[in-house]
Amino acid sequence: RVVRVLENALRLRLVRSLVCLLCLSAAASHAQQDESAGTQPDAAKSADELATVPVQPLPEKSPENKAETDANPVQLDAVEITASKRRQSTRNIAGSVSAIRGEQLEKIKAQGMADYVKLIPGVVLIDRGGADSGQPIIRGISTSAGALGTQFTQQPVGLYIDELPFTDLYAPLTQPDLNPFDLNRVEILKGPQGALFGSGALAGAVRYILQRPKFDKWETKLSSTVGFDAQGEGLSPIFAGAQNVPLFGDTAALRVVALSRRDTGRIDEVDNEEDVDRLKQVNGRILGSWQATEKLKLDAFYFLQDSKQQNSSAADNPERFERMGQVRNLRQSGFSGANLAVGYAFDGFSLLSSSSYLHKEVDQFSTEPFGTADPNGDPDGDGGANGPGTEDAGNNDTLRGGIFASTNGLIQE
């Protein structure tokens, strides 16, 4: 029996070996046939027998059309920026730079960073719910996830208005969010940008470039926008205007910009008040340019923006625009600045002197209801200023905490 088992095993191995040899020989023969078919031309498919598709030749341009095309060549739109401290096209910048023109910002009715940073890949904005409290994040680089006022490190994204830096060295409390009306452009530079913009631009920088006065024409720009929010009460009007005035022929010009914005808000406090995050904002700028000589030019500007918000726009209800807490965070933020730039063009190089002053401040107070007054008291809101017995009806607000911070700086470049 053992011999028979061994014979059967040998037979099976022999059959398997024969099958493998047959398969290998068949594959080799097919490969030879394909190679011979590829190297020898097929006489049945000669060039004379190949089907052709008739193509009608393009009509030649008439001399008139040719002359018109040569006189008006098609030019691609280009955006010039000054991110590298020199005026260059975005196509010639080696780094990653994105620029949004002022016309585009006005077309989409942008009122702040939240409306346009979402158009730039790799850039997000953390909205903290207060005026001038948003934090731009570039390439996901951040030094802290806490809100402004709870951080002690410098922000990795620099904020500049022309050449004025508005980045705090430590413990930032406010991040200026300039209204983009009548801006020339907004430049977003992905970092690191420390070589040109210092330690405050590790992740990148956001630059607001103001619209300069124009020497050659009068220009008036008016804008009126009315917004409606289904979650708010009433309308949110925005009125803005800009006026360009040439002076002394074509050697000097003045430009004035003003804006007023009211936002009704949308967050309701349960059993207390509706639309507690109302916002009021004013913005103003005045710019002047003077071409004193062919080589000497002077530019100066002053700007300011003030924002006042009745309460934070944060909500604690995932389904509705409301919150249970009755703590009120009154926030008033403002920033301003002035600059004088003197430029002289020599034969082989240019010299530019820039002197700047900047100021920003933030006032934030938190109050909460505390105690009760006489339910039959005087509801005139004077807090009992008319003497005993005139206390207001209902709850009295008590101060829970407050923050006041102011920053001033002088910069010479």
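Biologist: What is the relative accessibility of Lys109, and what does it count as?

Modeller: Lys109 counts as partly exposed because its relative accessibility is 45%. This is a predicted model, in which local features need pLDDT of at least 70 and side-chain atom pairs count only at pLDDT 80 or more, while totals for chains, interfaces and linings use all residues. Residues are numbered from 1 along each chain as its sequence is written, and side-chain values use heavy atoms, with hydrogens and water left out.

Biologist: Where does Lys109 lie?

Modeller: Helices (H or I, at least four residues) and strands (E, at least two) are DSSP runs, numbered from the N terminus. Lys109 lies in the loop that links helix H3 (102–107) to helix H4 (113–116). In all, the protein has 5 helices and 19 strands.

Biologist: How do I read backbone angles, and what is the phi of Lys109?

Modeller: Most residues other than glycine have a negative phi. Lys109 is not a glycine, yet it has a positive phi of about 60°. Arg139 also has a positive phi, near 55°, and is a residue other than glycine. You will find Arg139 in the loop between strand E5 (135–138) and strand E6 (157–161). Arg139 is classed as partly exposed because its relative accessible area is 46%.

Biologist: Now the sheets. In which order do the 5 strands of the open sheet lie?

Modeller: Strands of a sheet pair through backbone hydrogen bonds, either parallel or antiparallel. Here, two strands pair if DSSP finds at least two bridges between them. The order is E3-E8-E9-E6-E7, with mixed pairing. Strand E3 (97–101) and strand E7 (164–165) are the edge strands, each pairing on one side only.

Biologist: What joins E3 to E8?

Modeller: E3 and strand E8 (residues 183–190) run antiparallel and are joined by 5 bridges. Val97 has Leu189 in E8 as its bridge partner, and Ser98 has Ile188. E8 also pairs with E9, again in the antiparallel sense, over 7 bridges. There, Ile188 has Val206 in E9 as its bridge partner. As for cover, 7 of the 8 residues of E8 are buried.

Biologist: How many residues does the largest nonpolar core have?

Modeller: In soluble globular proteins, nonpolar side chains tend to be buried together. A nonpolar core is a set of buried Ala, Val, Leu, Ile, Met, Phe, Trp, Tyr and Cys residues joined through side-chain atoms within 4.5 Å. The largest one here has 27 residues, and Tyr116, Ile161, Val186 and Tyr208 have the most contacts inside it. Two or more residues come from each of H4, E6, E8, strand E9 (204–210) and strand E15 (296–309).

Biologist: Which residues are in contact with Val186?

Modeller: Contact means heavy atoms within 4.5 Å. Leaving aside neighbours within four places in sequence, the contacts of Val186 include Ile100, Leu105, Tyr116, Val206 and Tyr208. Across the protein, 61% of the contacts with a separation of 6 or more are between residues 24 or more positions apart.

Biologist: What do E10 and E11 form?

Modeller: They form a hairpin with 6 residues between them, and Gly234 in the turn has a positive phi of about 90°. Strand E10 (residues 219–228) and strand E11 (residues 235–247) pair in the antiparallel sense over 10 bridges. Leu222 stands opposite Gly241 in E11. Ile238 is in strand E11 too. Ile238 is buried because its relative accessible area is 12%. Beyond four places in sequence, Ile238 touches residues including Gln111, Ser223, Thr225 and Leu259.

Biologist: Last one: which residues form one aromatic cluster?

Modeller: Rings of Phe, Tyr and Trp (its six-membered ring) pair if their centres lie within 6.5 Å. That rule gives 6 aromatic pairs. Phe166, Phe301, Phe303 and Phe335 form one cluster. A charge can also sit over a ring, if NZ of Lys or CZ of Arg is within 6 Å of the ring centre and within 35 degrees of the ring normal. Here the charged end of Lys221 sits over the ring of Phe181, 5.6 Å from its centre.

Definitions and conventions. Buried means under 20% relative accessible area, exposed over 50%, partly exposed in between (1.4 Å probe, protein chains only). Rings of Phe, Tyr and Trp (its six-membered ring) pair if their centres lie within 6.5 Å; planes under 30 degrees apart count as stacked, over 60 as edge-to-face and the rest as tilted.
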